[in-house]
Structures are given as structure tokens and as C-alpha cells.
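Biologist: Before we discuss any details, I would like to have the sequence and the model side by side. Could you show them, and then take my questions in turn?

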Amino acid sequence: MAEQKVRWGILATGGIAAAFTADLVDLPDAEVVAVASRRQESADAFAERFGIPRAYGDWTSLAEDGDIDVVYVATPHSAHREAAGLCLEAGRHVLCEKAFTLNAREAAELVALAKARGSFLMEAMWMYCNPLVRRLKALVDDGALGEVRHVQADFGLAGPFPPSHRLRDPAQGGGALLDLGVYPVSFAQLLLGEPSDVTARATLSAEGVDLQTGALLSWDGGALASLHCSIVGGTATAASITGSAGRIDVPGGFFFPERFVLHRDGRDPEEFTADPADGPRNTLRHEAAEVMRALRAGESESPLVPLEGTLAVMRTLDAIRDRVGVRYPGEGTGGEETAGEAPELTPA
């Protein structure tokens, strides 16, 4: 793709779509040309808010708009398979929010469809594109900690969320795991790859979704990860990586850190801080910039957020759900079975 502006379509109009679009319109090489919702009035209001020229009251019109290079799918994850699949079928490139899909089977279908169409596809795991997280990974990969022995990470919200909320609704893939637990799991697998074994326990709601989940992942080399997510208690959102020669502590907001501290045996602690030039901690512009870089380079996936890594995370999430007994409507006895669809709702 030449150096002209990359033309974006936004599919869904909830909170994360608004946050992404607000960052996108500030990028000089990006142009938002259309937005779609299942409700015309929602699309119209979103278009007026961000100065978007076209607003569609259905997803198909957006997917078939030939002026769009790439679509950002921002529906709840229960609708990702349908929405992203529609766009890929129409020849659009896709950036799809996480959790990527309800289960690994749906994720594999999207990846296969993208490859068949020759389209770019990427999970919107903005943590992987964060410059400070990339610095942390580089240190670990370069052996700053020796051999990684243990990873800890947590992400919990205090709530309370009523039974009517999407986080409590099985039909929308509710629960802590897919909404919040995807971050600790993705963090651990960024550093260690796919685990060889998964153990998990959860507290389930009356509706059958996980209110909080604890997981212990293990690798053949002996490494462990202790992970926790919750929608019934606010956590520190902290992380740590312990190795044979040192430790990294991320004191809070590990998925968009302001700083982390490297402790190495026999040395003074080293603090690494975010560069103010990279923008605010919660900016989504880095993942947008990575999509546009990859498209211009003619790449079908991002090396920062590789599709096999996304599939591996989905397999781990399936395994955790299998261990704790969470099933979504339309699924069989395991997370890999057929998943149900849900209407588009505004993300919290």
C-alpha cells in the first residue's frame, strides 16, 4: 500500500469504538470514512461526533464499502465472529477487539478466512503494541532475568454489575475471563508462549458466568504463571516476572504501564518509564499505527500481534473455561464447540 492515508471503517459505536476513533483521527496518516451500527441513529450520532462522512445502520453496507481499507471491529466479543467474518468476506482488512472471539474454534475460522482472502487480520491487543511493554519484553528476551520462572498478573473491577449487565450475560460472553482475564493470559503468553498445562478455579454467578477466576499455567520448562481476574473486586492490576537472575515489577496498569522496575542480583534497581512523546498511557494509537505500518508493508499479519499467538491465547481461555465449567449459549461440552450470537450492545 502506498503512502496515502489509510481509510478506516468503524464497526460499532460503544465506548471502546469512541476511544479508538478519538485516537485515530489524531493520526495524520489515517482517515475515518465510515461507521456502522445496527441502529441508524447510533451510527448517525457517532458520525456527527467525529466528523465521519458516512453512517450505516447495518454492518453489511460498511463491509461492502469499497472506499474502506480496514475495519475496526468494536462489538462485544460475542459478535466478533459474525462482524469480522462479514468484513473479511467482503475483502476488507480487519482489526478486531479482544477477546478475539468467544472461543478458539471461532478464532481459527477467522484466521482461515483471512488467509483465504489474502486479507490482513489482527487482534486489537494494544498491550502488545505499547512501547514500554515492548521494552519489557525485549529485556526478558535478551536474558535480563535469566530463565523466567514465574509470571504474576491480575485485573479486577470492583463492580457491582447487575445481572442485566453484559458482563453478567452468558449470551454476550459475559464474565471476568474474556473481558479482563484475556490481559493476564496474554501477558504471560507474550513472555512464555502457550502453556503445556492449565489449572483453574472460579466463582460463578447465578447466570453461569465467572465472577472471578484464578488460573495456574505451567510450561514444560518449569515456568509457572499465577493469574487472576474479577468483576467483583478491584485489583492492583499489577504484574511481576521472576527469573533465575532477577525480577521485573510492574506496580500497576501492567497492560498500559507508566513504569516498571528491573531488579537484578548484585545491582541497583533500574526504573524504566514511559516516554511522554508516546502519548497518554491509555492511548490506542500504537495499535492503529502498527496496522497501518503492516498494511503499507504488504503484510498479512503483525509481528507484534501474530495470529498464532492470538489462537494460542484463545486455546488457553478455552481450557480455563473448561476447567471452571463456563459454557455460552450454543456451545457444547467444551469451549471449542459452536458459539451463539448476540446483539450489539454498548461496551461498558
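**Strands, backbone, cysteines and cavity**

Biologist: Which residue in β9 is the bridge partner of V198?
Modeller: The model is predicted, with local features needing pLDDT of at least 70, side-chain atom pairs counting only at pLDDT 80 or more, and totals for chains, interfaces and linings using all residues. Helices (H or I, at least four residues) and strands (E, at least two) are DSSP runs numbered from the N terminus, and two strands pair if DSSP finds at least two bridges between them. Eight bridges join the antiparallel strands β8 and β9, and in β9 the partner of V198 is L217.

Biologist: Which residue in the turn of the hairpin formed by β8 and β9 has a positive phi?
Modeller: The hairpin of β8 and β9 leaves five residues between the two strands. A positive phi of about 100° is found in this turn at G208.

Biologist: Which are the edge strands of the open sheet of eight strands?
Modeller: The order in this open sheet is β8-β9-β10-β7-β11-β12-β13-β14, and the pairing is mixed. An edge strand pairs on one side only, as is the case for β8 (197-204) and β14 (270-273).

Biologist: Which residue in β13 stands opposite I248?
Modeller: Strand β12 (residues 246-250) runs antiparallel to strand β13 (residues 259-264), and four bridges join them. Within β13, the residue opposite I248 is L262.

Biologist: What is the phi of A12?
Modeller: Most residues other than glycine have a negative phi, and most peptide bonds are trans. A12 lies in the loop between β1 (6-11) and α1 (15-24). Its relative accessibility is 1%, so A12 counts as buried (under 20% relative accessible area, with exposed over 50% and partly exposed in between, for a 1.4 Å probe and protein chains only). Although A12 is not a glycine, its phi is positive, at about 105°.

Biologist: What is the omega of the peptide bond from G159 to P160?
Modeller: P160 is placed in the loop between β7 (148-156) and α8. The bond from G159 to P160 is cis, with omega near -5°.

Biologist: How far is the sulfur of C129 from the closest cysteine sulfur?
Modeller: With a disulfide taken as a pair of cysteine sulfur atoms within 2.5 Å, a search of the whole structure finds zero disulfides. C96 is in none, the nearest cysteine sulfur being that of C87, 9.2 Å away. C129 is buried as well, with a relative accessible area of 3%. The sulfur of C129 is too far for a bond, because the closest cysteine sulfur, in C96, lies at 14 Å.

Biologist: How many nonpolar residues are in the lining of the largest cavity?
Modeller: A cavity is a set of points, on a 1 Å grid over the protein atoms alone, where a 1.4 Å probe fits but cannot get out, and lining residues have an atom within 4 Å of a point. Grid points are joined across faces, edges and corners, and a volume is the space filled by probe spheres set on the points; the largest cavity has a volume of about 30 Å³. L177, G181, V185, T213, A215, L227, H228, C229 and I320 line the largest cavity, with at least two residues each from α8 (176-192), β9 (210-218) and β10 (224-230). Counting Ala, Val, Leu, Ile, Met, Phe, Trp, Tyr, Cys and Pro as nonpolar, Asp, Glu, Lys and Arg as charged, and the others, Gly among them, as polar, the lining has no charged residues, three polar ones and, as nonpolar residues, six.

Note on methods. Residues numbered from 1 in each chain as written. Heavy atoms only, no water. 1 Å grid on protein atoms, 1.4 Å probe; cavity = no way out; pocket = protein on both sides within 12 Å on 5 of 7 lines; lining within 4 Å.
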